[in-house]
Amino acid sequence: MDCSGGGGGDDWFWVRRLADAEAVAAAAMARRPSTAWAEAEEEEERPLTVVFASPAENFTDAAPIGNGSLGGMVWGGVATDKLQLNHDTLWTGAPGSYTDPDAPAALAAVRELVDQGRFADATAAATRLFGGQSEVYQPMGDVNLELGGSGSDQQPAYDSYKRELDLHTATVLVTYSVGPVQYTREHFCSNPHQVIITRIAASEPGHVSCTLSLSSQLKNTVTVTNANQVVMEGVCPRQRPPAPPRLMLLRNSSSGDDDDDLTTGGIKFAAVLGVQMGGDKAKAAVLNDENKLSLESADWIVLIVAASSSFDGPFVSPSDSRLDDPTSAAVATLNRATSLTYEQLKAAHLDDYQRLFHRVTLRLSPPGGGLLEDARGGGLMMTGGKETMLKRGVGGDEGIIRTSADRVKSFATDEDPSLVELLFQYGRYLLISCSRPGTQVSNLQGIWNQEVAPAWDAAPHLNINLQMNYWPTLPCNLSECQEPLFDFLQSLAVNGTKTAKVNYQARGWVTHHVSDIWAKSSAFIKNPKHAVWPMGGAWLCTHLWEHYQYSLDKDFLEYTAYPLLEGCATFLVDWLIEGPGGFLQTNPSTSPEHAFTAPDGKPASVSYSTTMDISIIREVSSAVLLSAEILEKSDTDLVEKIKKALPRLPPIQFARDNTIMEWALDFQDPEVHHRHLSHLFGLYPGHTITMENNPDVCGAVSNSLYKRGEDGPGWSTTWKMALWARLMNSENAYRMVLKLITLVPPGEKVQFEGGLYNNLWTAHPPFQIDANFGFTAAIAEMLVQSTQTDLYLLPALPRDKWPRGCAKGLRARGDVTVNICWDEGELQEAMVWSKNRNAVTRLHYGERVTSVSVRCGTVYRFNRGLQCLEAWPLPIGK
């Protein structure tokens, strides 16, 4: 990246390196011009922005930024503003005990009741298998800004307001005018330097003034160390917040009177705010009586926030942490950042972020041409929906700028495909922003949270939600972002080994459906239909095998994936017991969060061998056998046991209405529109059901989806999208796109649940981030699908909705990358390459199939008839 410019910040520029997919497309154009690629290149840098016309009034109006560990929410106020802060390691509690010596006796009792067909009694008895509650993700605090200087509490008359999150640059820009002066605030969160940076400027010299402070809902003290630094030191509660969380709502205090309270004794944290300013009249003053910093008459101000905590890993109690001085760590981080100019910090941020984000591009055009395309960045547009009148503030022009919320509102009528592009890339942006190598796993809200008692504790839920968070990583070319999941799995395996041994008298390791930063592995403390489900770790293990299938990284398979898979499969082999009809069974068994009506008319949720249990076991067993073969470990006792067990697993069964049976018996379902789709796991995200090998089962899956209906939370909607895509049913996959893109007012819900908030976060409701990621993965599934031997192009493209488009940089199994363009609903060209491996794959488009030998470092170009037009060496992105 080349950079130049002075200290003013307005005359510098950067030239970013091309991603591989872009370099391939450019090379293709240079070799053999193509209308499709030419149009794509012309539109390459068209805007991808989430646009707001006013300051945020609610959490789901604010714009999220993050670097994987440190997160911020930009509210963009005018008289006053706040930058909400989160750190991924701030949780209540300490390492817990995830074993129960009484569990084996309880397990035996439950199994006996299940064997007797007393399912309601078994459900009641299963409460004895409960573990403790998970701990709770906590907010760090706020950077508070009183704009206009000390004591300025009046809302100035302003116009031309606009706040936008630019996905190309991972920056939030706030602009507005007060009289003749235009104000700008630019925010970004740097991964290379681990800080949040805000630059405040005005169009006239000496017009930037503000008063700064830090605050938190957690126990904390704030000091202003000098005229350019504010330090907040705090501590997380050592126990979960009580309900209501009255003890948690503590403001700044240094009394230390309640050191023995529940609000202390947990993870310590520090946030440090540094200030740089410029201008001949600029001055700073410390307001000691208020612990605030007053800045007056500057030309520009740069704020830099660094944060750290004493979290020292999931097995170390906060009281024993070796990282007991987070303040020094945060100050050191801040000092490294303040040694650089704003331009240098931003250049490093852009280089880091864009190396990931620009690996994949997506361009979709509507029927009848590009009528809607001028609105992609919130520009002029006169089609449908409620539009917001804004003064552009550039040359005095007036115009209509559509906010992203306006675009969501009008989607039911205009079906603007550029909004689908935006949502697809928004999922990738959020994943880059909340999950990076070395960070904690992305939780139920990513890393963003404003509550001390957030919904569902914002804890990782392992019966769909955590897995969905990571669905886009591989197909959407962000494999590094999945590394925290594998680190988390390593920790779960340690605690899960103890849980398996004590609670279930089994070898290997086990984890249930809710966890936390301490790698909780025991069952939850709630209804058995949630808690009694020891398959959470097994589902997560399928991500290990998927990572290998995409990367073909044998070292990863041998040293990271296989040990975890082996331990998981060892537990599963021990967990299986003799069942009816000569089959092996899981007992007790539940279908996540769903209940049934037992034959005696009583409600129950505990039975045996639910379809999801068996599907997950098949998936993990297959991964172990294939891995063992690759690693030449097929002669082990475990492999032999798996080979003997697989034929004895019960097959998928069809219900009387030719749907997939969710339970081993055809129980009455009191909630046919239930949100979970657990019994369809084998189709997606699993691979034990395929259109080619199991057409009858796929027919029953289709019937099951119709029976489940279209309503449900956001994550349910996007799971249905992916399932319909895997069935190659573009019409129904697109219906789920329409379903999700529905505006949800803050704090409310739409009739069918789900939908999108003003900042395009997905709703359960309330906010849950999983569906943002599920949407991205499902769109990729509509465009490209793959197995280790087959690559399917445009398998579920809604041709009448997106008749023309291009996707570049999508990944396929076998270490293959794909660029693909289509026009008039038909494939025009595809390019396929592998950087590191030779492969033989069958290429599919509609009914056409051809075998392709892909040599590493070579790009292959195909037409719609799957004829290879040419091949050339893979260019290196510049």
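Helices here are DSSP runs of H or I with at least four residues, numbered from the N terminus. With that settled, let's walk through this structure, which is a predicted model.

**Pockets**

Helix 12 provides the largest share of the lining of the second largest pocket, namely three residues. That pocket has 31 lining residues, and those nearest its centre are D20, R359, N477, E480 and K835. At least two lining residues each come from helix 1 (20-31), helix 6 (342-357), helix 10, helix 12 and strand 28 (804-812).

The largest pocket is lined by 43 residues, with H687, T690, N693, T787 and Y792 closest to its centre. Two or more lining residues come from each of helix 12 (536-551), helix 14 (611-630), strand 26 (784-786), strand 27 (790-793) and strand 31 (839-845). Helix 14 is the top contributor to this lining, with seven residues.

| Pocket | Volume |
|---|---|
| Largest pocket | about 1,000 Å³ |
| Second largest pocket | about 750 Å³ |

What classes of residue make up each lining? In the largest pocket, the lining has 17 nonpolar, 16 polar and ten charged residues. For the second largest pocket, the lining has nine nonpolar, eleven polar and eleven charged residues.

**Aromatic rings**

Next come the rings. A pair of aromatic rings is described by how far apart the centres are and by the angle of the planes. The structure contains 30 aromatic pairs. One of them is made by Y504 and W575, whose ring centres are 5.1 Å apart. Why is this pair edge-to-face? Planes over 60 degrees apart count as edge-to-face, and the planes of Y504 and W575 are at 65 degrees, so the pair belongs to that group.

This pair links distant parts of the chain, as Y504 is in helix 10 (residues 483-504) and W575 is in helix 13 (residues 554-575), 71 residues apart. Are the two partners buried or exposed? Buried means under 20% relative accessible area. Y504 has a relative accessibility of 12%, so Y504 counts as buried. W575, with a relative accessible area of 3%, is buried too.

Elsewhere, W471, W539, F681, Y684 and W719 are joined into a cluster by ring pairs. Arginines also sit over rings: R163 lies over the face of F52, 4.0 Å from the ring centre, and R199 lies over the face of Y342, 5.7 Å from the ring centre.

**Cysteines**

Finally, the sulfurs. A disulfide is a covalent bond between the sulfur atoms of two cysteines. How many disulfides does the model have? The count comes to one disulfide, joining C806 to C821 with an S to S distance of 1.7 Å. The torsion about the S-S bond of C806 and C821 is about 85 degrees, so this disulfide is right-handed. C806 belongs to strand 28 and C821 to strand 29 (residues 816-823), so the bond ties together parts that are 15 residues apart in sequence.

C434, by contrast, is in no disulfide, and the nearest cysteine sulfur, that of C481, is 8.2 Å away. C434 counts as buried, at 0% relative accessibility. C210 is likewise buried, with a relative accessibility of 0%.

Terms used: Residues numbered from 1 in each chain as written. Predicted model: local features only at pLDDT ≥ 70, side-chain atom pairs only at ≥ 80, totals over all residues. Heavy atoms only, no water. Phe/Tyr/Trp six-rings, centres within 6.5 Å; stacked < 30°, edge-to-face > 60°. Buried < 20%, exposed > 50% of the residue type's maximum accessible area, 1.4 Å probe, protein only. Lys NZ or Arg CZ within 6 Å of the ring centre and 35° of its normal. 1 Å grid on protein atoms, 1.4 Å probe; cavity = no way out; pocket = protein on both sides within 12 Å on 5 of 7 lines; lining within 4 Å. Points joined across faces, edges and corners; volume = space filled by probe spheres on them. Nonpolar A, V, L, I, M, F, W, Y, C, P; charged D, E, K, R; others polar. Disulfide = S-S within 2.5 Å.
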